Amino acid sequence: MSDTGVTGHGGAALHLAGAAFGYGGVTRVEDLDLVVPEGAAVALIGPNGSGKSTLLRGILGLADLTAGSVRVLGETPEAARRSVGTLPQSDARDTSLPVTVRTVVTMGLYREAGPFGRIGRGGREAVQHAIDLVGLSAFAGRLFGELSGGQQQRAILARALASHPRLLLLDEPFNGLDRENREMLLDLVARQRDEGRTVIVSTHDLEIAKAACTHVLLLASGHEPGEPGHPAAFGTLADALTLDAVQHAFHDSTVEIDEHTVTTTREVDAQ
Ligand SMILES: Nc1ncnc2c1ncn2[C@@H]1O[C@H](COP(=O)(O)OP(=O)(O)OP(=O)(O)O)[C@@H](O)[C@H]1O
C-alpha cells in the first residue's frame with residue numbers, strides 16, 4: 001500500500017493536497033487542494049473534459065495520482081474502496097449480461113465478501129432493503145437489460161447502496177432521467193446525507209446542486225485542448241456557486257446560469 005503522505009482524516013471524507021490525477025503519466029486534472037467534511041454533499045460541476053470523471057476515478061484509485069496526496073476516509077483510495085459506493089456514467093454500463101436486478105444489486109456486496117464469498121442472511125436483507133429503497137421491489141427478478149434506462153439507473157444505485165457505503169460517488173446520475181426518476185434520486189441523495197453519508201455528485205444541473213448539495217466544486221478546463229482541468233471554486237453553495245466562478249470554470253462569457261442548467265454556446269454547438 002503506498003503512503004500518500006497525509007495522516008489522519010479528522011472527520012474528512014476526502015482530503016486532497018496538491019493532488020493531480022491522470023492516465024499513463026498524463027495529468028488530466030490538477031491543483032486540487034480541498035477537504036470535504038464527512039456528511040457533506042458536493043456538486044461537481046464543470047465543462048466537458050474538465051476532469052470530473054477523472055477526479056471521481058482518482059478517489060477510487062482507478063486513475064493515477066500524478067502529484068500531491070489523496071486521503072479517502074483517512075485511507076488510501078485502494079484501502080477505502082470497500083467503504084465507497086459508485087454510480088458510473090450510464091454509458092459505462094453493460095446491459096447485455098443476462099442477469100437479474102437482484103444479482104446486479106448483490107454485486108455491491110462482493111467488494112467485502114470477495115467474488116466467491118458467501119452472502120449471508122444479513123447481506124440478502126441489505127440487498128432487499130436497497131432494492132426497496134430505489135422502488136424496484138416489483139422488478140427484482142427481471143433481467144437488468146430489459147429495464148428502462150431510469151430503472152437501470154435505480155438498480156445500479158441500489159448496488160452502490162447495498163453495502164452501506166460511507167462515501168457515495170455519483171457520475172452524472174441525472175442524465176436522461178424523467179421527472180419521476182429525478183425526484184426519486186434527489187430524495188435519495190438527501191436521505192443519504194441525512195444518514196451521515198458523504199455524497200459527491202457530478203452534474204450539469206444547478207437545480208440538483210441547489211436541491212441536494214451542501215458544497216460545490218467547480219472545475220475549469222485547461223485553456224488549450226489537452227491541458228489539465230483545475231478548480232475554479234470550492235466551498236459551500238452560498239459561497240462558491242457564483243456567476244463569476246461559473247464563467248471562470250466555463251471560460252466563456254456566453255455561459256448561462258439559471259436555476260436549471262449551466263449551458264455555454266460552445267457546448268450547445270458541439271452537440
Ligand atoms: N481512460 C482514459 N485514458 C486516457 N485519457 C482519458 C481517459 N478518460 C478520460 N480521459 C481524458 O481526460 C480528460 C478529462 O476527461 P473526463 O472524462 O474526466 O472529463 P469530464 O469533466 O468528466 O467530461 P464529461 O463532462 O464530458 O463527462 C479528457 O481529455 C479525456 O479525453
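Me: Hi! Let's start at a strand pair: which residue in β6 is the bridge partner of Gly85?
Reply: Hi! In this predicted model, Gly85 has Leu168 of β6 as its bridge partner. Strands β5 and β6 are parallel and share four bridges.

Me: And on the β7 side, how many bridges join β6 to β7?
Reply: Five bridges join them, and the two strands run parallel.

Me: Is β6 buried or exposed?
Reply: Five of the five residues of β6 are buried, so the strand is largely enclosed by the rest of the structure. In a regular strand, side chains alternate between the two faces of the sheet. For β6, both faces are covered: Leu167, Leu169 and Asp171 are buried on one side, and Leu168 and Leu170 on the other.

Me: Nice. What's the strand order in the six-stranded sheet?
Reply: The order is β5-β6-β7-β3-β8-β9, in an open sheet with mixed pairing. At the edges stand β5 (84–87) and β9 (230–236); each has a single partner strand, so one side of each has no neighbour in the sheet. From one strand to the next, the twist averages 15 degrees.

Me: How do β3 and β8 pair, parallel or antiparallel?
Reply: Parallel, over four bridges, with β3 spanning residues 41–45 and β8 residues 215–220. Within that pair, Ala43 stands opposite Val216 in β8.

Me: Which helices pack on this sheet?
Reply: Two to mention are α1 and α6. Helix α1 (residues 52–59) lies across β3, β6 (167–171), β7 (198–202) and β8, and runs at about 150 degrees to β6. Helix α6 (residues 149–161) touches β5 and β6, and its direction makes about 170 degrees with that of β5.

Me: Switching to the other sheet: what's the order of its three strands?
Reply: That open sheet goes β2-β1-β4, with antiparallel pairing. Its edge strands, β2 (26–37) and β4 (64–72), each pair on one side only. Here the twist averages 10 degrees from one strand to the next.

Me: How many bridges are there between β1 and β2?
Reply: Eight, in the antiparallel sense, with β1 covering residues 12–23. Tyr23 stands opposite Val26 in β2. Helix α1 turns up here again: α1 packs on this sheet, touching β1, β2 and β4, and its direction makes about 115 degrees with that of β1.

Me: On to the ligand. Which residues are around it?
Reply: Tyr23, Arg28, Gly46, Asn48, Gly49, Ser50, Gly51, Lys52, Ser53 and Thr54 are around the ligand. Helix α1 gives the most to this shell, with three residues.

Me: What's the shell like by class?
Reply: One residue is nonpolar, seven are polar and two are charged.

Me: Last one: how many helices and strands does the chain have?
Reply: It comes to 11 helices and 11 strands. Of the 271 residues, 43% are buried. As for contacts between residues at least 6 apart in sequence, 70% join residues at least 24 apart.

Technical notes: Residues are numbered from 1 along each chain as its sequence is written. This is a predicted model: local features need pLDDT of at least 70, side-chain atom pairs count only at pLDDT 80 or more; totals for chains, interfaces and linings use all residues. A residue is buried if 20 or more other C-beta atoms lie within 10 Å of its own, exposed if 12 or fewer, and partly exposed in between; C-beta atoms are placed from the backbone. Two residues are in contact if their C-beta atoms, placed from the backbone, lie within 7 Å. Two strands pair if DSSP finds at least two bridges between them. Axes are lines fitted to C-alpha atoms, for helices over the stretch in contact, and angles run from 0 to 180 degrees between N-to-C directions. A residue is near a molecule or strand if its C-beta atom, placed from the backbone, lies within 6 Å of it. Ala, Val, Leu, Ile, Met, Phe, Trp, Tyr, Cys and Pro count as nonpolar, Asp, Glu, Lys and Arg as charged, and the others, Gly among them, as polar.
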